[in-house]
Amino acid sequence: MKNLPIFDLAVIAAYLVAMVLVGVYFSRKNKNADQFTKASGLIPGWATGLSIYATFLSSNTFLGVPGKAFGGNWNSFVFSLSMPLAAYMASRFFVPFYRQTGEISAYTHLEHRFGPWARTYAVVCFLLTQLARMGSIFLGIALSLQALTGFSMQMIMVVMGVCIIIYTVLGGMEAVIWTEVVQAVVKTFGALLILYLIVQAMPGGVTHIVDIGATHDKFSLGTFSPDFTQSSFWVVLLYGFFINLNNFGMDQNYIQRYHTTASAKEASKSLWLCVWLYVPASLLFFVIGSCLFAYYQVHPEFIDAIKQKVALDRLPASASAAEVSRLVTSLQPADYGDKVMPHFMVTNVPPGLMGLIISAILSAAMSTISSGMNASATVFTEDIYKRYINPNPSPKKQLALLHLATVAVGVMGLAAGLAMIGVKSILDAWWTLSGIFAAGMLGLFLLGLISRRTSSHEALTATVIGVLVILWMTFSGSLPDEYGYLRNPLHSNMIIVVGTLTIFLIGVLLTKLKNGRSTPREQTAALVK
């Protein structure tokens, strides 16, 4: 723990004030819901692309990815390698689809296709996913700033949450996008600066880092054997493809950006710009994690302080010194990987640069949280309030509702972050939660898009079965030993893969069985429909 120099504090304060001022500036334009939710469709494609890239490059990437690389290898980088294929599917099918519908919500068409239950189900899954995402990102902020300032994680989350809520409520989507353009540059520069400082502090430089990494198998992408019970190359590739397909095809954060550009072509370009920026940027963070591992191999004396901090965070305040000591002894690199980069910053970053790096970490968190707040407020307004409470609110009332919903979502995301304190890995927590909530939503969407003859009844039956499969895969590991044969044998990252395919394939099967029993006249009517 240490107090930051005045200059560093001034840099951080200037950054936060600048973000709030951007919100104040754009608040003058936010006179209606259309401006608040999609900036009236006047954002350049390159700016939207940088905004999507900034949303992807969250504090989960900034802290969680180096932590994963430190505690393991580059297996999780396979997630990024799946992005181009998912982006191709999205730009070919999803972007034109959403631009043609003209609906600002990603889930309105599900009601047209299957009925109100489908829309409500997708909305609930999306909102839960956003709370999990925002919670894990708030945790990332707290992890880094606690190590740098000594303030409690709770206080850090609350202060940062208030700042994010203010500029998001004031500026709407236009403020979100243009602040993310700045944040994309700041966080990328911050990552390059951290990598430079690690290499400079490492005896022997890059050569020694590569030698240590190769000796400890730090550059492996995972086993290529067809093993789906562990985090193999294929498990992460499948997980990444389905999650990114969900991101680009069903996540309101991204669907809403497709409407901020002037045309579908510009929207597709923005999507591809995000992919070509994120893949090398994510590799950069894996390189940082491997460099940190090499550095602490050379300086093992620093590891004890990190382990001590992790043990104190996990144990209750009443824990004895002996209990703390036992936990410290049992900790493995994967247990404290998220703490390593903040520790390096405390002990190695010179005064004057710390403020820039902290601002980069803040920008990584703020970009994703602000877009999530705006998207969640839009979904609540369009899919809940206007659908079930008041379908025709006045423009003034709708804008006020968007503001109120943005604040409420921000507060709930903050509460989720507070509840996550003490998790083993930020990235693991987020991947598990997102896989659970996204699986059913993506399966239902693909069923409606591809199988045109599937009716509401078959879709509902398939979704119920799929949700039961997802719940079993998620929680069966807690079954007692006598029921061990009922546990899910697959890796947790396979939840979204199996859940999505279960809903889609069962829906298709039920449709074929129904059509096989129907009369020729009914089949013709189904085809026309």
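Which helices each supply at least two residues of the nonpolar patch? They are α1 (6-27) and α9 (153-201). Before going further, please keep in mind that this is a predicted model.

**The nonpolar patch**

The patch lies on the surface and is formed by Val17, Leu21, Val24, Val158, Val162, Ile166 and Leu170. Together these residues have about 530 Å² of accessible area. Helix α9 gives the most, with 4 residues.

Now let us turn to helix α13, which covers residues 264-298 and has 35 residues. From its first C-alpha to its last, α13 reaches 52 Å, close to the 51 Å expected at 1.5 Å a residue. The helix also bends by about 25° at Tyr278. A proline, Pro280, follows within four residues of that bend.

**Salt bridges**

Side chains of opposite charge can pair when their charged atoms come close. A search of the whole structure finds 8 salt bridges, and the table shows some of them.

| Pair | N to O distance |
|---|---|
| Arg387 and Glu111 | 2.8 Å |
| Asp383 and Arg119 | 2.6 Å |
| Glu382 and Lys386 | 3.5 Å |

Let us start with the salt bridge between Arg387 and Glu111. Arg387 lies in helix α17 (residues 354-389) and Glu111 in helix α7 (residues 108-114), so this pair ties together parts that are 276 residues apart in sequence. Arg387 counts as partly exposed, at 29% relative accessibility, whereas Glu111 counts as buried, at 18%.

Next comes the salt bridge between the side chains of Asp383 and Arg119. This pair, too, links distant parts of the chain: Asp383 is in helix α17 and Arg119 in helix α8 (residues 116-149), 264 residues apart. Are these two partners buried or exposed? Asp383 is buried, with 2% relative accessibility, and Arg119 is buried as well, with a relative accessible area of 8%.

An α-helix has 3.6 residues a turn, so residues three or four places apart point the same way. Glu382 counts as buried, at 17% relative accessibility.

Which residues do salt bridges with shared partners join into one network? They are Glu111, Arg119, Asp383 and Arg387.

How values were computed
Residues are numbered from 1 along each chain as its sequence is written. This is a predicted model: local features need pLDDT of at least 70, side-chain atom pairs count only at pLDDT 80 or more; totals for chains, interfaces and linings use all residues. Side-chain values use heavy atoms; hydrogens and water are left out. Patches are made of residues with over 30% relative accessible area and no salt bridge: like charges are joined within 9 Å, nonpolar side chains (Val, Leu, Ile, Met, Phe, Trp, Tyr) within 5 Å. Accessible areas come from the Shrake-Rupley method with a 1.4 Å probe; for residues, only the protein chains shown count as cover. A salt bridge is a side-chain nitrogen of Lys or Arg within 4 Å of a carboxyl oxygen of Asp or Glu. The expected span of a helix is 1.5 Å times one less than its number of residues. The bend at a residue is the angle between axes fitted to the seven residues ending there and the seven starting there. Buried means under 20% relative accessible area, exposed over 50%, partly exposed in between (1.4 Å probe, protein chains only).
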